[in-house]
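Hi,

Here is the structure I promised to pass on.

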Amino acid sequence: MRIAVISTYTHPTRKALKEPSVMQSAVPELIAGLCPADAEIELYNEKESDIPLDKHWDLVFFSYLHAYYEHTKVLSTLLRQRGIKTIAGGRHARFYPDDAAQWFDAVIIGDPESNVPAAIADFSKGQLAKRYELPSGGAADIKPYRYDLIDFSHNRIRLPGIEASRGCPFTCNFCVLTGWEKYAFRPVQQVIDEIETKMVWNKNWFGLFDNTFIFLDNNLGGSPKYLRALCEALIPKKRIWGCALTFNILRDEELVKLMAKAGCRYIYTGLESLNPESITSFKKGQNKLSEVQEVIARAFNSGILLSFGLLVGSDGDTHTYLRTLPDVLADLKYFSITFLGIVSPYPETPIYTQMQQEGRLLPGTISRDYDGYTLCHRPLQMTPQETVEHFQWLCKELGTFANMARHYANTLGSSNIAQYKKVILASGPEILSIRNPISNKERTYIAGLDPIEAWDREQMKRLNIAPQMLS
Ligand code: B12
Ligand code: SF4
């Protein structure tokens, strides 16, 4: 049986661009790990390379985020015209199974661990069902990924990733996990065994990164007790790793130091805003703005690069806040913002329901607009145009060589722990990358106003595929 697993991608500029980066979707190697041992499996990640649509497979699994849905419908339709069976899964498919059923032979709604083997078994008997919804055994059911199938030549900077947990105990109102994914973690020993015996390292950099991986968890710090046990087990392994977590951990001096000792050199935290009203409107009370200064110092002094993500477009945002944000960051001597986006009211989130009830979703919004860089709703205190102008100005103002130099100057000397300086030096280009999504001058970045990619537009017209309207 020839199986392809495809993680699709469309660039936020809506140009036909690739953007290889350190973090990639792990779904292809996850699903490959659930396929029969004798299957011929190929993994594709469209963020790194194009999909060879003329190849023949018997079965194709698709993974996509909301913004890639239109494009994935096109790919699936083209393959189905050649007799190839396609299966959709992931958060968008889970929320819109009936819509997806029009474009794929089968839709998986539950976790892959129980449903992928069931779908493959049915397919081999010629009895693929339309829908798979078997219950999941939880995070402990996660099987080792097929790291051996990752092709690091397509993306020289990619790092292997692993999940230690799924879900998150917090309930931020804009997050796709809220109300959907129960927080649960894997036994520590299972995680350690997978890292030590299955993980395949990126050998592109003459040994520089062949000890380095990332935790893909939405929040590795959901349980401080679990994180502590994981760190204790990692210390003797002498690996270098990064993760995402939030203030409940960052405020704990002893735990941050333990993480550093266990090899953590990078933490991503969705700070989201430095404006208290915006934090309140996001229901992200775990981020205490009064602690930001000490949290930054604690991480860097412990030898960990702390990267904050910020969002524009919340109800708390004002002209003054957005205009003075670069000065506030400069006062904090903090320059390593590596993610700057526009808050996206994903349809399964509480914020979407609120926007819908208040009639604030912008007209003509389609799933393509839900890319995290396009305004899909009307903020309370600004017009859509003003919001986007602020966002674009901030991308240009913060993603500069000067900020990269300030970041190096302020953080390189903070710690002498092994590998810290290497990680700081490698992080500089990420600061510049926050300009990438806005580099199309022809886009308004307002939902309902910008045409989708030329190739997808042509194919959708030819194949009679309508976009999914979300407002
Ligand atoms: C790597 C990553 C990326 C990569 C790759 C994206 C991708 N295709 O996943 C890149 C850099 C492109 C990216 C970009 C963005 N991302 Co991102 N990203 C992640 C991250 C850190 C890891 C994804 C991953 O590989 N996880 C491990 C795999 C195994 O799990 P998974 O992808 O969650 O899939 C699970 C299920 O959905 C399901 N599943 C998924 N696909 C399929 C397919 C089949 C057939 C089946 C059976 C099951 C299945 O199985 C998995 C296990 O349960 C997640 C956080 C996270 N932990 O998931 C965020 C996450 C996916 N990103 C998110 C966001 C908001 C963004 C951005 C807007 C900006 C940002 N904040 O980073 C942009 C733009 C996205 C867009 N255009 O819509 C959100 C959700 C977005 C969404 N549309 O649902 C997440 C969940 C983080 C969060 N909590 O906010 N991201
Ligand atoms: S802390 Fe992060 S992962 Fe958890 S609910 Fe909030 S945004 Fe989602």
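Let me start with the contacts in the protein chain: of those between residues at least 6 apart in sequence, 76% join residues at least 24 apart. Please keep in mind that this is a predicted model.

On overall size, the C-alpha atoms of the protein chain fill a box of roughly 60 × 55 × 40 Å along the principal axes. A compact globule with 471 residues would have a radius of gyration near 23 Å, and the 22 Å of the protein chain agrees with that. Buried residues account for 49% of the 471. In secondary structure, the protein chain has 17 helices and 14 strands.

Next, the domains. The assignment gives domain 1 (2-132) and domain 2 (167-438), and their C-alpha centres lie 28 Å apart. Where the two touch, domain 1 puts in 11 residues and domain 2 puts in 13 residues. On the domain 1 side of that contact, helix 2 (69-81) and helix 3 (91-95) each supply at least two residues. By class, this side of domain 1 divides into six nonpolar, two polar and three charged residues.

One is an open sheet of six strands in the order 2-1-3-4-5-6, with parallel pairing. Its edges are strand 2 and strand 6 (131-132), each of which pairs on one side only. A few details from this sheet:

- Strand 1 (residues 2-7) is mostly covered, with five of its six residues buried.
- Six bridges pair strand 1 with strand 2 (residues 40-45) in the parallel sense, and Ala4 stands opposite Glu42 in strand 2.
- Strand 5 (residues 106-108) runs parallel to strand 6 and is joined to it by two bridges; here Ile108 stands opposite Tyr132 of strand 6.

There is also an open sheet of six strands ordered 7-10-11-12-13-14, again with parallel pairing. Strand 7 (161-162) and strand 14 (337-342) are the edge strands, each pairing on one side only. Inside this sheet, strand 11 (residues 240-244) and strand 12 (residues 264-272) run parallel and are joined by four bridges. Trp241 has Cys264 in strand 12 as its bridge partner.

Which of its residues are buried? They are Tyr420, Ile424, Ser427 and Ile431. In an α-helix there are 3.6 residues a turn, so residues three or four places apart point the same way. The cover over the buried residues of helix 16 includes strand 12, strand 13 (305-312), strand 14 and helix 15 (401-411).

On to the ligands. Why does ligand 1 lie between domain 1 and domain 2? Both domains give residues to the shell around ligand 1, so that is where it sits. The shell around ligand 1 holds 38 residues, and the closest are Ser25, Ser63, Gly89, Gly90 and Gly372. Helix 1 (27-32), strand 3 (59-63), strand 4 (85-89), helix 5 (112-124) and strand 14 are the elements that give two or more residues to this shell. Sorted by class, the shell around ligand 1 has 19 nonpolar, 12 polar and seven charged residues.

Around ligand 2 you will find Cys168, Phe170, Thr171, Cys172, Cys175, Leu177, Thr178, Asn218, Asn219, Thr246 and Gly270. That shell divides into five nonpolar and six polar residues, with no charged ones.

Is Gln286 buried, exposed or partly exposed? Gln286 has 18 C-beta neighbours inside 10 Å, so it counts as partly exposed; the cut-off for buried is 20 or more. Beyond its neighbours within four places in sequence, Gln286 is in contact with Phe170, Thr246, Phe247 and Asn248. Phe170 and Thr246 are also among the residues around ligand 2. As for Ala140, Gln286 is 146 residues away from it in sequence and 27 Å away in space, C-alpha to C-alpha.

That is what I have for now. Over to you!

Best wishes

Notes. Residues are numbered from 1 along each chain as its sequence is written. Chains are lettered from A and ligands numbered from 1 in the order in which they are written. This is a predicted model: local features need pLDDT of at least 70, side-chain atom pairs count only at pLDDT 80 or more; totals for chains, interfaces and linings use all residues. A residue is near a molecule or strand if its C-beta atom, placed from the backbone, lies within 6 Å of it. Ala, Val, Leu, Ile, Met, Phe, Trp, Tyr, Cys and Pro count as nonpolar, Asp, Glu, Lys and Arg as charged, and the others, Gly among them, as polar. Two strands pair if DSSP finds at least two bridges between them. Domain bounds come from an automatic or database domain assignment. The radius of gyration is taken over C-alpha atoms; the globule rule is 2.2 Å times the number of residues to the power 0.38. A residue is buried if 20 or more other C-beta atoms lie within 10 Å of its own, exposed if 12 or fewer, and partly exposed in between; C-beta atoms are placed from the backbone. Two residues are in contact if their C-beta atoms, placed from the backbone, lie within 7 Å.
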